[in-house]
Amino acid sequence: VGTATTSIEDALAGDQRAFMELLEPELPGAYRLAVGMLRDQPEAEDAVQEAVLKAWKSFGRFRRTSELRPWLFTIVANECRRRRRSRWWSVIRVWRSEDEGQASVSTLDPATADLRRALNRLPHDQRLVLILRYYLDLSFEEVAQTLGVSTKAAMSRTYRALERLRMTPEVLDDE
Amino acid sequence: MNEATVREQLRAAIGDSTYPPELSSKAATRLGQGQGQEQRQPAGWVLAVVTAVLAAAIVATIVFGSNLMKQRATVPVQPPPSQAPVLAGCQNFSQLNQQLASIKMTSVTTGWAEGGLRTTDGGAHWSNTSPKASLEGMPAPAVQNGLYPPGFGDFYLDGSRAWELRTYATAGTCYDHASVFATTDGGRSWQRSADIQLEIPAGWGATLKLQFVDGTRGWLWVQAGPRTSDFFPFIQHTLYSTSDGGLHWNVVSRLTSAALGFPASSDCPSRLGDVVFASPSAAWMETGCTGAEPMLLMSSDGGTTWSIKRLPKPAAVGACPCWTGLPKFFAQSHGVVEVSGNLATGPQGPALVVTSDGGRSWQALPPTPSTGYTLTVDFVDASSWWAVLTEPGWNKGQPTHDWLYKSIDGGHTWTLVQKNLPLGFPVIQLAFFDSEHGLAVQSQNASSGPPIGPGVELLTTSDGGNTWTTVIAQVNPGNP
């Protein structure tokens, strides 16, 4: 704890090395989040680097009592959203061509390929909540912190996203 | 399907990702380059600003908190509930998504935000008007932290009339009954309803939503389902109504999607969403699609019986999945609903479908300005609409100022109002009161980034969106 506190104080004072020491344990998770959101590993690498830069620029606003991981993941998620918006057409093209039979999809069983297509069509926020919960294994409390919402709202969003993927028992139980 | 299965299937669909070990050093290098181009603001400077803001907030809390205490005169009409033991695991508070959510301005100066927050100075100051009686059984720290009672819901009709809602647990269930609190004087006094029995089994979760069309007639929409893991599906849908301003409630209908005739073979999932009443008799419910056609559920007998109403499919919305939002009605005859889903033709965002005959027929509108992605649309009335879109061809490295458009013919044509706005991303809410006055709530300023403070930034305009002023909103969230 003492080391982390020292690193935070050093980073707040402008020490880049201390800042990177703080962030480094979270970078694999950040990268996994970016891959899940962008479906493009080089783009994900670039997004994480950009997010680290933005995190550094805004680190003065980081509260000492906050948790670093949700804070960083929020920045990474925003960066992914920005990139998906900025390259909307190319994203659609990539997904469509992939859907149409590139190797990575052709090796999937039909149900999994269908699920991947449906996942790709989800809006950013719904895709994000599923990535955080099921691809990064975050608790709902951590998902809520990353999204800046209540735990209840995070659970509700997760449910709604799963509902759109037809992965909840509602339709089955109800019909 | 349990969460383990969900996780397994989603991971298979997403695929694996191996962390490139050189990414850490790349990020450090990028950091050095970025730092060379643009210095981070010193932490001490920011902390000084934060300190100043906090000091101002403390002063405001003292000033407005004391005023609040003087104004409020809560009038519970029933004795407080007994302190009987409740089922283990029931939450004794709830938390709203964010501060200053779902702002509804009822005049240029007066308005409400979720959680009983009320402003009388155009949004600069907000006070919590929630009734003290609704806080029974909540832990003191939760009250101090501005948290809300379990099952909290609210509805704001105009500048003076509002309703709040909470649930109560017993030894048998977390959602035994609910109470509605009503005010007709802007939150200075509240009346409490008779108990509303919810009949929700132990182990189930629920959401409750209130709505009124005037001062006496309102509805309570309760959706509940078993907590199969950390999330829960809604399988029990119950509609209650009141005709005396919320003091007494009766069950109107209990619904299931099966009973409503959703096509069993549909490729698109259908669900029962939120309900909106255009009049005391005409109600609409958001849902999904049947086949590739968007649909709503409609009732013409006050929510007792429901039927499927198919809508025309906008050109911008492709095949399944697609979703219909909650319609917004103006004077019962004119309504609009957003349809979203798989994008067939490009980055337009939600498509709009309208009716001018009370919902008997619906027409898909031409796309909103096709120059960018539609982030949000605000409907002032049947003809005056506002929309925020991304700027055309927006790309990384360019400024992120979004563009504001206005329509005066109900979305048939759009005029660019302003493109050099301090509107950042995401614009959480855009709300115009009239053709001149409006506000925007956002989590990030296009120029200065995230706001310092509670997490949202409020901007107001009084010249039809041409110029915007940032409001440092001071919120007194403390309950009495």
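Colleague: Is B:Ser407 buried or exposed?
Modeller: B:Ser407 counts as buried, because its relative accessibility is 0%. Buried means under 20% relative accessible area, exposed over 50% and partly exposed in between, using a 1.4 Å probe and protein chains only. Bear in mind that this is a predicted model, where local features need pLDDT of at least 70 and side-chain atom pairs count only at pLDDT 80 or more, while totals for chains, interfaces and linings use all residues. Residues are numbered from 1 along each chain as its sequence is written, chains are lettered from A and ligands numbered from 1 in the order in which they are written, and side-chain values use heavy atoms, with hydrogens and water left out.

Colleague: Thanks! What does the side chain of B:Ser407 make a polar contact with?
Modeller: Its partner is the side chain of B:Asp409, at 2.8 Å. The side chain of B:Ser407 also reaches the backbone nitrogen of B:Gly411 at 2.8 Å. A polar contact is a pair of N or O atoms within 3.5 Å; within protein, one must be able to donate a hydrogen and the other to accept it, and residues adjacent in sequence count only if both atoms are side-chain atoms.

Colleague: And where is B:Ser407?
Modeller: B:Ser407 is in strand 26 (residues 403–407) of chain B. Helices (H or I, at least four residues) and strands (E, at least two) are DSSP runs, numbered from the N terminus. Not counting residues up to four places away in sequence, B:Ser407 touches B:Trp385 and B:His412, among others; contact means heavy atoms within 4.5 Å.

Colleague: Moving to rings, how many aromatic pairs are there over all chains?
Modeller: The search of the whole structure finds 15. One of them joins B:Phe379 and B:Trp385 edge-to-face, 4.8 Å centre to centre with 85 degrees between the planes. B:Phe379 and B:Trp385 are both buried. Rings of Phe, Tyr and Trp (its six-membered ring) pair if their centres lie within 6.5 Å; planes under 30 degrees apart count as stacked, over 60 as edge-to-face and the rest as tilted.

Colleague: Which residues form one aromatic cluster?
Modeller: That would be B:Phe155, B:Trp163, B:Phe212 and B:Trp249.

Colleague: Now B:Asp244: which loop does it lie in?
Modeller: B:Asp244 lies in the loop between strand 12 (236–242) and strand 13 (250–255) of chain B. B:Asp244 is partly exposed, with a relative accessible area of 31%. The side chain of B:Asp244 makes a polar contact with the side chain of B:Thr242 at 2.7 Å, and one of its polar atoms lies 3.0 Å from the backbone nitrogen of B:Leu247. The C-alpha atoms of B:Asp244 and B:Thr216 are separated by 4.8 Å, though these residues are 28 apart along the chain.

Colleague: What pLDDT does chain A average?
Modeller: Chain A averages 72, and 73% of the residues score at least 70; pLDDT is the predictor's confidence in each residue, from 0 to 100. Over residues 86–105 of chain A the pLDDT is below 50, and beyond near neighbours in sequence this stretch has 31 contacts in the model.

Colleague: Last one: how many residues are in the largest nonpolar core?
Modeller: There are 65, and A:Leu165 and B:Leu10 are among those that touch the most other members. A nonpolar core is a set of buried Ala, Val, Leu, Ile, Met, Phe, Trp, Tyr and Cys residues joined through side-chain atoms within 4.5 Å. Leaving aside neighbours within four places in sequence, A:Leu165 has contacts including A:Leu115, A:Leu130 and B:Leu10.
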